[in-house]
Amino acid sequence: MSALIQDPDCLFCKIAAKQIPSGIVYEDDEVFAFHDIHPWAPVHFLLIPKMHIPSMAQVGAEHAALLGRMMALVPKLALEQGCNPYPQGGYRLLTNTGREGGQEVQHLHFHVMGGPRPWLRG
Ligand code: AMP
Ligand code: ZN
């Protein structure tokens with residue numbers, strides 16, 4: 001397994017390391033997904049790299065393969081978690097970046113939200 005850079009003070013690093021419990025949706029060597037603790041939609045989970053990347057603002061060409069793998073997981077995980085099939089169903093895929101982008105947790109994460117409407121937000 002590749003060495004993973006983690007921040008000991010980061011909530012999502014601790015969740016990925018299972019030091020803090022979460023509702024696990026998916027895990028492999030590099031990627032972790034878990035249910036959002038305050039869901040906005042019937043299906044709402046977060047997809048994160050295990051490696052500590054603070055936000056999309058720090059993403060570069062060296063992360064292209066990792067992010068590509070994460071994006072390729074989204075359709076499968078969304079359906080497994082109960083999102084309805086495209087095009088009548090579907091989901092939102094969202095990443096907040098920085099204070100003006102509404103980011104609260106400083107570890108890169110993609111929100112996947114779906115299921116029958118109405119949703120709490122969005
Ligand atoms: P963002 O505003 O994009 O940084 O979103 C952070 C998300 O993390 C919010 O939707 C929170 O509900 C969620 N969150 C915060 N703490 C936890 C936790 N311990 N387990 C699961 N989700 C969490
Ligand atoms: Zn982290």
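**Group meeting: the ligand site**

So, 16 residues surround ligand 1, and the closest are Asp 36, Asn 96, Glu 104, His 109 and His 111. "Surround" here means having a heavy atom within 4 Å of the ligand. Before I go on: this is a predicted model, where local features need pLDDT of at least 70 and side-chain atom pairs count only at pLDDT 80 or more, while totals for chains, interfaces and linings use all residues. Residues are numbered from 1 along each chain as its sequence is written, and side-chain values use heavy atoms, with hydrogens and water left out.

Okay, polar contacts, meaning pairs of N or O atoms within 3.5 Å. A backbone N or O atom of Glu 104 sits 2.7 Å from a ligand 1 oxygen. The side chain of His 111 brings an N or O atom to 2.8 Å from an oxygen of ligand 1. And for Gly 102, a polar backbone atom is 3.1 Å from a ligand oxygen.

How much of ligand 1 does the protein bury? Taken alone the ligand exposes 510 Å², and 87% of that gets buried; that's Shrake-Rupley with a 1.4 Å probe.

What's in the shell, then? We get 7 nonpolar residues, 7 polar and 2 charged, with Gly counted as polar. Elements giving two or more residues are α1 (11-16) and β2 (31-35), and α1 gives the most, with 3. Those are DSSP runs: helices are H or I, at least four residues, and strands are E, at least two.

Zooming out, the chain has 2 helices and 5 strands, running α-β-β-β-α-β-β from the N terminus. Its C-alpha atoms fill a box of roughly 40 × 30 × 30 Å along the principal axes.

Definitions and conventions
Chains lettered and ligands numbered in written order. Polar contact = N/O pair within 3.5 Å; in protein donor to acceptor, adjacent residues only side chain to side chain.
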